[in-house]
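Biologist: Could you take me through this structure? I would like to begin with the charged pairs and then move to the ligand.

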Amino acid sequence: MKMSLKIRTITVAVALGICAVVPTHAEESTPVKVIIDADPGVDDAMAILFALQSPAVEVIGITTVFGNTAIDNATANALTLVDLVGASVPVARGAEHPLVKDLREPPAFVHGADGLGEVGLQKPVGKVIEKAAAQFIVDMARQYPGEITLVPVGPLTNIALALGIEPRLPQLIKEVVLMGGAARVEGNVSPVAEANIFGDPHAADIVFKTPWRVTMVGLDVTTRVRMEDDLLERIAKANPKLGEFIWSITRFYKKFYESRGVYGGFYVHDPSAIAYVIDPGLFETETARVRVVPEGLAEGQTITAIGTPPAFWTAWYQAPDVEVCLGVDAEAMLALYESTLSR
Ligand code: BDR
Ligand code: CA
């Protein structure tokens with residue numbers, strides 16, 4: 001069904017004769033509890049700071065995964081972000097390689113050798129908790145049943161491992177809002193595959209086959225949002241501590257996009273998933289069934305069947321529904337990022 005969740009919620013309320021205005025997440029008084037599973041990563045860092053600054057979100061933990069950089073760097077970078085904000089948010093180290101396939105060289109040409117744009121960051125002061133990421137996710141889900149939104153913005157290895165530890169995880173988690181995949185657009189690491197899904201296609205297929213509420217915030221929308229320097233300059237003026245940090249780490253990332261012919265701002269991948277959590281009404285979604293190609297030429301492709309497929313498309317017919325983002329109000333999303341980071 002092609003309509004935003006916010007409009008859909010309000011439509012249902014009107015149909016039922018409910019007169020009260022139904023709040024979006026951003027308007028809810030109780031912040032949404034989230035665990036961000038990330039491979040920071042420049043845009044991961046931008047997403048984590050977005051969530052830490054948003055009054056609509058309560059970050060109850062950050063879990064790390066290999067991907068944009070090696071797990072040691074990703075974990076140190078997550079700790080650096082927590083230090084920067086002065087938040088007391090636990091950071092749990094996660095998977096250092098995919099479930100089945102071999103680990104590949106991280107894309108230092110995108111995020112820098114250290115994952116955060118090679119700006120010479122000091123070692124973080126904070127320490128990781130003594131629990132692996134997957135176990136942390138399970139324990140938090142048991143502690144807050146039905147309350148947690150999982151926001152994976154890297155390869156989905158930790159999420160698949162958590163499902164292996166606790167088969168009831170789908171009932172314990174409120175929803176999953178992930179950055180990854182490409183439904184109707186081309187990939188970014190191959191003509192058909194998006195980087196996070198390609199990073200661990202076996203884990204991704206497990207996540208898409210699990211009957212829980214999943215929203216895929218993929219390249220269909222993230223490549224439609226471009227962040228330009230003037231917005232970052234305004235944030236740096238309003239909030240020098242975070243704004244100047246974001247400005248510095250994004251210089252390397254911006255150059256990478258320019259080297260690929262993307263001018264007029266870099267793509268806003270991971271912050272888009274946080275934007276969805278804060279205000280799903282910014283996005284248009286379709287209900288679909290998604291399966292992932294595990295290997296071969298199309299490795300990491302998210303084959304997306306929109307609507308209910310015919311029964312003889314067995315692999316998709318048997319898969320659960322997933323909400324796939326296909327449209328975004330880019331201007332409003334950028335405005336949300338700016339106002340949140342300027343606080
Ligand atoms: C995704 O891949 C990584 O490079 C980014 O951090 C983002 O999560 C985009 O394809
Ligand atoms: Ca990422």
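**Salt bridges, ligand and backbone**

Modeller: Glu166 and Arg168 form a salt bridge in this predicted model, with 3.5 Å between the closest N and O atoms.

Biologist: Is Glu166 buried or exposed?

Modeller: Glu166 is buried, because its relative accessible area is 6% and the limit for buried is under 20%. Arg168 has a relative accessible area of 46% and is partly exposed.

Biologist: Which salt bridge does Arg289 make?

Modeller: Arg289 meets Asp321 in a salt bridge, at 2.8 Å from N to O. This pair links distant parts of the chain, 32 residues apart: Arg289 is in strand β9, while Asp321 is in the loop between α14 (314-317) and β11 (322-328).

Biologist: And how accessible are Arg289 and Asp321?

Modeller: Arg289 counts as buried, at 10% relative accessibility. Asp321 is partly exposed, with a relative accessible area of 41%.

Biologist: Which residues are joined into one network by salt bridges that share partners?

Modeller: That network consists of Lys131, Asp139, Arg142, Glu166 and Arg168.

Biologist: How many salt bridges does the structure hold?

Modeller: The structure holds 17 salt bridges. One of them is between the side chains of Lys101 and Glu299, at 2.6 Å from N to O. Lys101 is in the loop between β3 and α4 and Glu299 is in the loop between β9 (283-292) and β10 (302-306), so this pair ties together parts that are 198 residues apart in sequence.

Biologist: Are Lys101 and Glu299 buried or exposed?

Modeller: Both Lys101 and Glu299 are buried. For Lys101 the relative accessible area is 15%, and it counts as buried because the limit is under 20%.

Biologist: What else does Lys101 touch, leaving aside its neighbours within four places in sequence?

Modeller: Besides Glu299, Lys101 is in contact with Phe198, Gly199, Pro201 and His202. The side chain of Lys101 also reaches the backbone oxygen of Phe198, at 2.6 Å. Pro201 is 100 residues from Lys101 in sequence, yet their C-alpha atoms are 8.5 Å apart in space.

Biologist: Let us change topic. Which buried residue has no salt bridge?

Modeller: Asp37 is buried yet has no salt bridge. The nearest side chain of opposite charge is Arg93, which is 12 Å away. Asp37 is in strand β1 (residues 32-38).

Biologist: What does the side chain of Asp37 make a polar contact with, then?

Modeller: The partner is the side chain of Thr63, at 2.6 Å. Setting aside neighbours within four places in sequence, the contacts of Asp37 include Thr64, Val65, Val151, Pro152, Asn158 and Ile159.

Biologist: Where do Asn158 and Ile159 belong?

Modeller: Asn158 and Ile159 are among the buried residues of helix α6 (residues 157-165).

Biologist: What covers the buried residues of α6?

Modeller: The cover includes strands β1, β2 (57-64) and β4 (148-152). It also includes helices α5 (133-143), α7 (169-172) and α9 (201-209).

Biologist: On to ligand 1. Which residues surround it?

Modeller: Ligand 1 is surrounded by Asp43, Asp44, Asn68, His111, Val153, Met179, Asn188, Glu194, Ala195, Asn196, His269 and Asp270.

Biologist: Which polar side-chain atoms lie 2.8 Å and 2.9 Å from an oxygen atom of ligand 1?

Modeller: A polar side-chain atom of Asn68 is at 2.8 Å from an oxygen atom of the ligand, and one of Asn196 is at 2.9 Å. His111 has a side-chain N or O atom 3.1 Å from an oxygen atom of ligand 1. Taken alone, ligand 1 exposes 280 Å², and the protein buries 94% of that.

Biologist: Last topic, the backbone. Where is there a cis peptide bond?

Modeller: Pro40 and Gly41 are joined by a cis peptide bond, with omega at about 0°. Gly41 is placed in the loop between β1 and α2 (42-53).

Biologist: And which residue other than glycine has a positive phi?

Modeller: Glu118 does, with phi near 50°. Most residues other than glycine have a negative phi, and most peptide bonds are trans. Glu118 lies in the loop between α4 and α5, and at 46% relative accessibility it counts as partly exposed.

Methods
Residues are numbered from 1 along each chain as its sequence is written. Chains are lettered from A and ligands numbered from 1 in the order in which they are written. This is a predicted model: local features need pLDDT of at least 70, side-chain atom pairs count only at pLDDT 80 or more; totals for chains, interfaces and linings use all residues. Side-chain values use heavy atoms; hydrogens and water are left out. Helices (H or I, at least four residues) and strands (E, at least two) are DSSP runs, numbered from the N terminus. Buried means under 20% relative accessible area, exposed over 50%, partly exposed in between (1.4 Å probe, protein chains only). Lys and Arg count as positive and Asp and Glu as negative; His and the chain ends are not counted. A salt bridge is a side-chain nitrogen of Lys or Arg within 4 Å of a carboxyl oxygen of Asp or Glu. A polar contact is a pair of N or O atoms within 3.5 Å; within protein, one must be able to donate a hydrogen and the other to accept it, and residues adjacent in sequence count only if both atoms are side-chain atoms. Contact means heavy atoms within 4.5 Å. A residue is near a molecule or strand if one of its heavy atoms lies within 4 Å of it. Accessible areas come from the Shrake-Rupley method with a 1.4 Å probe; for residues, only the protein chains shown count as cover.
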